[in-house]
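Here is a friendly tour of one protein chain, written for someone who is new to reading structures. Please keep the picture open while you read.

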Amino acid sequence: MPTDDRPLISLDGVSYSPDGLMVIDDLTLKARERRIGVLGRNGSGKTSLARLMAGLVPADRGTVRIADVDVARDRKGALGVIGILFQNPDHQIIFPTVEEEIGFGLAQMGRNKAEVADGVAAVLRRFGKAHWASAAVNLLSQGQRQLVCLMSVLVMNPRVIVLDEPFAGLDMPTTLQLQRVLAGLDLTIVMITHQPDMLKGYDRVIWLERGAMVQDGPASEVVPTFTAHMTTLGGADDLSDLAG
Ligand SMILES: Nc1ncnc2c1ncn2[C@@H]1O[C@H](COP(=O)(O)OP(=O)(O)OP(=O)(O)O)[C@@H](O)[C@H]1O
């Protein structure tokens with residue numbers, strides 16, 4: 001059977017330099033793996049890379065294509081191929097009720113009212129949360145709000161989701177529950193984190209420093225090197241090495 005060898009994620013010579021500061025420096029990345037991690041210290045450019053991948057900011061040089069969609073130029077096309085989940089759900093949520101929040105993306109994609117309602121009901125059912133439909137988002141816990149954000153992304157049926165430190169601020173049981181939900185998703189996940197233990201078993205891990213790749217390989221190779229390096233840095237006797 002013929003296979004499609006084109007990369008699902010394709011960054012070509014991407015540079016991003018807001019206010020003249022080089023944040024992402026000539027990055028090229030072709031990826032088709034299902035579980036991809038991006039590791040790096042504070043300020044290494046991880047969030048900027050996530051935003052570039054989702055097409056939320058345009059590259060100053062180079063192109064970002066997800067499933068052949070130029071995500072910065074074709075915003076409507078981008079919604080159907082890539083979704084992003086931020087660290088803080090409150091930076092993502094804009095509507096007062098769960099159903100409005102989840103339906104927004106579908107409306108942006110041009111779906112009519114009935115299609116939006118069907119899509120929202122289906123994703124709520126899928127997660128056993130049909131009773132949340134008319135709930136006020138601000139009365140939910142942070143973990144529940146993060147799940148609303150995840151449903152808001154999944155309802156658009158993207159090929160890829162980028163998760164930018166999605167468990168920060170969540171307690172251990174909530175983190176473990178959300179991790180289980182994510183593990184069961186039949187799509188490509190790009191997990192942005194500075195915590196190597198989040199990437200156990202990942203097919204591919206990119207270690208980013210100062211907007212450039214330090215190492216690129218399976219988690220079993222990159223995670224131990226990254227951890228050893230971070231431990232050495234953490235053992236230094238002052239704060240002079242704080243990034244930024
Ligand atoms: N729009 C912008 N204007 C100016 N500087 C920016 C902008 N976006 C990012 N930066 C700078 O680029 C660097 C990388 O930021 P980024 O948030 O991408 O890193 P990060 O690896 O996600 O960091 P953290 O782990 O601390 O969230 C930082 O020094 C940040 O201040």
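Predicted model: local features only at pLDDT ≥ 70, side-chain atom pairs only at ≥ 80, totals over all residues.

Residues are numbered from 1 along each chain as its sequence is written. Helices (H or I, at least four residues) and strands (E, at least two) are DSSP runs, numbered from the N terminus.

**The annotated domain**

- An unreviewed UniProt entry carries the annotation "domain: ABC transporter" for residues 9–235.
- UniProt positions are given in the numbering used here, feature names are shortened, and annotations may be inferred rather than shown by experiment.
- Over residues 9–235 the chain is 36% helix and 25% strand, and the end C-alpha atoms are 36 Å apart.

**Helix 3 and its buried residues**

- The buried residues of helix 3 are V98, E101, I102, G103, G105 and L106. A residue is buried if 20 or more other C-beta atoms lie within 10 Å of its own, exposed if 12 or fewer, and partly exposed in between, with C-beta atoms placed from the backbone.
- These buried residues pack against helix 2 (75–81), helix 4 and helix 5. Two residues are in contact if their C-beta atoms, placed from the backbone, lie within 7 Å.
- F104 is also found in helix 3, and F104 is partly exposed because 18 other C-beta atoms lie within 10 Å.

**Helix 3 with helix 5**

- The axes of helix 3 (residues 98–108) and helix 5 (residues 142–154) come within 7 Å and cross at roughly 35 degrees. Axes are lines fitted to C-alpha atoms, for helices over the stretch in contact, and angles run from 0 to 180 degrees between N-to-C directions.
- This crossing of helix 3 and helix 5 is right-handed. A crossing is left-handed if the near helix is turned anticlockwise from the far one by less than a right angle, and right-handed if clockwise.
- Which residues in helix 3 meet helix 5? They are V98, E101, I102 and G105, and their partners in helix 5 are V148, M151 and S152.
- The residues of this contact of helix 3 with helix 5 divide into 4 nonpolar, 2 polar and 1 charged. Ala, Val, Leu, Ile, Met, Phe, Trp, Tyr, Cys and Pro count as nonpolar, Asp, Glu, Lys and Arg as charged, and the others, Gly among them, as polar.

**Helix 3 with helix 4**

- Helix 3 and helix 4 (residues 113–126) pack at an angle of about 125 degrees, with their axes 9 Å apart.
- That angle makes helix 3 oblique to helix 4. Angles under 35 degrees count as roughly parallel, over 145 as roughly antiparallel, 65 to 115 as roughly perpendicular and the rest as oblique.
- Helix 3 passes helix 4 in a right-handed crossing.
- On the helix 3 side, E99, I102, G103, L106 and A107 meet E115, V116, G119, V120 and V123 in helix 4.
- The residues of the contact of helix 3 with helix 4 divide into 6 nonpolar, 2 polar and 2 charged.

**Positive phi angles**

- Most residues other than glycine have a negative phi.
- D19 is not a glycine, yet D19 has a positive phi of about 55 degrees. D19 lies in the loop between strand 1 (9–16) and strand 2 (24–31), and D19 counts as exposed because there are 5 C-beta neighbours inside 10 Å.
- A67 has a positive phi near 50 degrees. A67 sits in the loop between strand 4 (61–66) and strand 5 (69–70), and A67 is partly exposed, with 19 other C-beta atoms within 10 Å.
- Just after helix 3, G110 takes a positive phi of about 95 degrees.

**Distances along the chain and in space**

- F104 and S152 are 48 residues apart along the chain, and their C-alpha atoms are separated by 7.9 Å.
- S141 and M156 are 15 residues apart in sequence and 23 Å apart in space, C-alpha to C-alpha. S141 is found in the loop between helix 4 and helix 5.
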